[in-house]
Amino acid sequence: MLETYQHRSFIKQTGNILTTPRSRETPFDIGWDTEIRAYEWLRQQYQHRRVRLNAQHALIWAWPQSTIGCPIVPHTDRRVAIVHLWLDIPDDLVLLMNFEAWTIPLIGARFMENDTISIERDWEKLFDEAWLIKHEYAASDDWLDHQAVFPYVDRAWIKRVKYLRGYR
């Protein structure tokens with residue numbers, strides 16, 4: 001079971017397949033080149049390891065059930081309506097990675113200094129849980145240290161819904 005937080009418009013889409021516009025995937029409008037590169041790399045990794053992605057849709061982020069007690073990015077504006085979803089996504093669509101280790105690609109750094117391989121190749125260690133633990137980039141291989149990405153949500157996968165608003 002995975003949990004995700006989405007804008008309320010996500011669940012109000014028509015049809016059984018719910019997606020997120022690509023514009024919500026990264027902060028393209030503020031030009032964070034390092035983060036954009038990491039998100040693009042992750043999209044490539046997803047396609048290499050799972051299925052081809054629709055170029056118009058963002059990857060959807062989720063976390064194991066009960067890992068998080070509040071939204072990862074809490075909305076403080078009371079006008080912002082969000083929805084907390086509990087999902088049962090098929091394993092073949094889910095790409096898991098270590099939650100803390102994701103910060104390495106996100107800031108454009110390497111896991112270990114090694115000039116013989118490209119930085120993107122180095123980032124592939126993100127998916128090697130044993131290596132991450134051995135080199136202390138991950139605390140354990142506990143499921144709760146993970147986050148997941150997938151391309152869409154089928155309404156049949158939604159097991160629970162909670163409607164929320166910003167708290168200030």
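Visitor: What share of the contacts with a separation of 6 or more comes from residues 24 or more positions apart?
Guide: Keep in mind that this is a predicted model. The chain has 168 residues, and 41% of them are buried. Among its contacts with a separation of 6 or more, the share from residues 24 or more positions apart is 78%.

Visitor: How many helices and strands are there in the chain?
Guide: Reading from the N terminus, the elements go β-α-β-α-β-β-β-α-α-α-β-β-β. That gives the chain five helices and eight strands.

Visitor: Which kind of pair do the rings of Tyr39 and Trp102 make?
Guide: A search of the whole structure turns up nine aromatic pairs. For Tyr39 and Trp102, the ring centres are 5.5 Å apart and the planes sit at 75°. Planes over 60 degrees apart get their own label, so this pair is edge-to-face.

Visitor: How many residues apart in sequence are the parts that Trp41 and Trp123 tie together?
Guide: These two rings also pair edge-to-face, with 5.5 Å centre to centre and 80° between the planes. Trp41 is buried, and Trp123 is too. Trp41 belongs to helix H2 and Trp123 to helix H4 (residues 119–123), so the parts tied together are separated in sequence by 82 residues.

Visitor: Is Glu136 buried or exposed?
Guide: Glu136 sits in the loop between helix H5 (129–134) and strand E6 (146–150). Its phi is near 60°, a positive value in a residue other than glycine. The cut-off is over 50% relative accessible area, and Glu136 has 74%, so call it exposed.

Terms used
Residues are numbered from 1 along each chain as its sequence is written. This is a predicted model: local features need pLDDT of at least 70, side-chain atom pairs count only at pLDDT 80 or more; totals for chains, interfaces and linings use all residues. Side-chain values use heavy atoms; hydrogens and water are left out. Helices (H or I, at least four residues) and strands (E, at least two) are DSSP runs, numbered from the N terminus. Buried means under 20% relative accessible area, exposed over 50%, partly exposed in between (1.4 Å probe, protein chains only). Contact means heavy atoms within 4.5 Å. Rings of Phe, Tyr and Trp (its six-membered ring) pair if their centres lie within 6.5 Å; planes under 30 degrees apart count as stacked, over 60 as edge-to-face and the rest as tilted.
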